[in-house]
Amino acid sequence: MDSRPTFDFPGPLRIDGLGLHLREWSDDDVADLVALYDDPEIDRWTPVASPFDTQAALAYLAAAEQKSAERRGVQLAITTDGERPRGEVLLFPGTTDERDVELAYGVGAAYRGRGLATRAVRLVVDFAHRHVGGRRIVLCIEDGNAASEGVAKSAGFVLAGDEPVLRMAKGRDVVLRTWSHREGDCPCPG
């Protein structure tokens, strides 16, 4: 499918599978969001504010709610029990080509190394192929982020032939490489 992606989901969105329950954030998640995102690795590899405190979490959740209401994407808490967030996966129009669907994710330090990011990405890839459309699904990963490259490979993404994306983030130049996933590229849940 090569149409523009659509982000018109019945709310609240929930995606279950692979031992995970992905759900939209709520105001009750502020303390957990701070615990997850006030982390040097999140600061290093993402555009999330640092330090990430209660005020930053409230602004982050308000922006996520606004994006969802405007059908410009969705941000889902990664949970194993449907309640306590362990990380997050985001789904939004591609930043370099709006025909693409882009994913991003973050997992709290206490929950890394358990396959949460890979499983969450696989669930959202499957959901996006079935409900969002678009030319392809992409991850834009900063050069040197070996952990994210490992997640991309494990979730069936391949390094695309796209030119590197250059951005300024947190006062430094960032080089992002595009990883692509097309329908049928991995054994995703169905």
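Which residues line the second largest pocket? The legends below take that up and then move on to other views of this predicted model.

**View 1. The second largest pocket and its lining.** Here's the residue list: E24, W25, S26, D27, L61, A64, E65, S68, A69, V74 and Q75 line the second largest pocket. Its volume comes out at about 160 Å³. Sorted by class, the lining holds five nonpolar, three polar and three charged residues.

**View 2. Where the lining of the second largest pocket comes from.** Two elements, α3 (54–69) and β3 (74–79), each put at least two residues into the lining of the second largest pocket. Helix α3 gives the largest share, with five residues. Among the lining residues, L61, A64, E65, S68 and A69 fall within the span of α3, 54–69. V74 and Q75 also belong to the lining, and the span of β3 is 74–79.

**View 3. The largest nonpolar core.** This core counts 50 residues, and the ones with the most contacts inside it are L22, F52, L91, L103 and F157. Helix α4, residues 116–131, contributes the largest share of the core, nine residues. As background, nonpolar side chains in soluble globular proteins tend to be buried together.

**View 4. Zooming in on L22.** L22 is one of the residues with the most contacts inside the largest nonpolar core. Leaving aside residues up to four places away in sequence, L22 touches L13, R14, I15 and D16, then L76, A77, I78 and V89, and finally A120, L123 and V124.

**View 5. T118 in helix α4.** Is T118 buried or exposed? T118 has 14% relative accessibility, and the cut-off for buried is under 20%, so T118 counts as buried. Setting aside residues up to four places away in sequence, T118 touches V151, S154 and A155.

**View 6. Stepping back to the whole protein.** Five helices and nine strands make up the count of elements, and along the sequence they run β-β-α-α-α-β-β-β-α-β-α-β-β-β. The radius of gyration is 15 Å, close to the 16 Å that the globule rule gives for 190 residues, so the protein is as compact as a globular protein of that length. The C-alpha trace spans about 40 × 40 × 35 Å along its principal axes. Of the 190 residues, 48% are buried. For contacts between residues at least 6 apart in sequence, 64% join residues at least 24 apart.

Notes
Residues numbered from 1 in each chain as written. Predicted model: local features only at pLDDT ≥ 70, side-chain atom pairs only at ≥ 80, totals over all residues. Heavy atoms only, no water. 1 Å grid on protein atoms, 1.4 Å probe; cavity = no way out; pocket = protein on both sides within 12 Å on 5 of 7 lines; lining within 4 Å. Points joined across faces, edges and corners; volume = space filled by probe spheres on them. Helix = DSSP H or I, 4+ residues; strand = E, 2+ residues; numbered from the N terminus. Nonpolar A, V, L, I, M, F, W, Y, C, P; charged D, E, K, R; others polar. Core = buried A, V, L, I, M, F, W, Y, C linked by side-chain atoms within 4.5 Å. Buried < 20%, exposed > 50% of the residue type's maximum accessible area, 1.4 Å probe, protein only. Contact = heavy atoms within 4.5 Å. Rg over C-alpha atoms; globule rule 2.2 N^0.38 Å.
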